[in-house]
Amino acid sequence: MSNSAAREVKRRDDVFVEKTQTKIWLEKPSESNPYIAETSYCHGYEIFDLMKNCSLVEVIYLLFKGELPTDDQKTLLEQLMIGLINPGPRHAATRAAMNTGVGKTNPVHILPIAAIVMGGERDCGGAIEDTMRFFRKNFRQPAEDVAEQMMSAENVEDWPGFGQIYGGRDIQTTRLAETLLALEGAGEIMQWAANYVVALAKANAGWLPVGLAAAVFADLGFHPKLGGPVYQLITAPGLIAHGFELYTKPLTSMPYVKDEDYEIKN
């Protein structure tokens, strides 16, 4: 086969649209210049009306769901966003942000770098989808039976959304879950997950932040593949804050690994 034949691009039968379309956003053009927006609409709501009458969390929900939340949904999402706003300085994504900052990388790169780490599978946004699908598959079964199956068949580190931290139950996340479960917006997935956690107690395991977020997202009707990005959004303020805090400090503000702690292999 000649090189020209190998590079030949065959005609596709796909019919492409003439213009990119979106149901999310409408820009009303100005009369004097059609390329300049006079105002914009998010799922039919004018942005200035949203600014006047809605909170940030309501508009975030509107962007993702196409409708404004009820008061109960708003409160549930808002409380979750506050509770998980900062994954803490020991989290891998936060460490990435801190290393980025102390290294004097341009601060606009702190969040993208940390968000990539937060997209990982372990205690990060990448675990949200699997956990939401775990709920879909199991929540109509007795939580106690599912827990028994999980404890007998899999390592605790492989349980979607639940498990241990440092060999024990996550106390703060457990308290956060109890707070959210007391809200009117807590739905059937959260209630099922709460029963599941009770059954996991015999393995000294329980809620993890990703499991709690996944339960809330499921009750709010979010698509499983959207859960991870929303989790990245929720934790973004904490990641930025930690990264910028170290950006303003000298390199010596972070520990330096001693020579004897390195392992050099030929």
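Thr 173 is placed in helix H9, residues 171-181; helices here are DSSP runs of H or I with at least four residues, numbered from the N terminus. The model is predicted: local features need pLDDT of at least 70 and side-chain atom pairs count only at pLDDT 80 or more, while totals for chains, interfaces and linings use all residues. Residues are numbered from 1 along each chain as its sequence is written, and side-chain values use heavy atoms, with hydrogens and water left out.

Thr 173 has a relative accessible area of 5% and is buried (under 20% relative accessible area, 1.4 Å probe, protein chains only). Not counting residues up to four places away in sequence, Thr 173 touches Trp 207, Leu 208, Pro 209 and Leu 212, where contact means heavy atoms within 4.5 Å.

**Helix H11**

Nine of the 12 residues of H11 are buried, so this helix is largely enclosed by the rest of the structure. Among them are Val 210, Leu 212, Phe 217 and Leu 220. Just after H11, Gly 221 adopts a positive phi of about 85 degrees.

**Aromatic pairs**

The whole structure contains 12 aromatic pairs, defined by ring centres within 6.5 Å for Phe, Tyr and Trp (its six-membered ring); planes under 30 degrees apart are stacked, over 60 edge-to-face and the rest tilted. Tyr 61 and Phe 222 form a tilted pair, 6.0 Å centre to centre with 40 degrees between the planes. This pair links Tyr 61 in helix H3 with Phe 222 in the loop between H11 and helix H12, 161 residues apart. Tyr 61 is buried at 1% relative accessible area, and Phe 222 is buried at 4%.

Key:
Buried means under 20% relative accessible area, exposed over 50%, partly exposed in between (1.4 Å probe, protein chains only). Helices (H or I, at least four residues) and strands (E, at least two) are DSSP runs, numbered from the N terminus.
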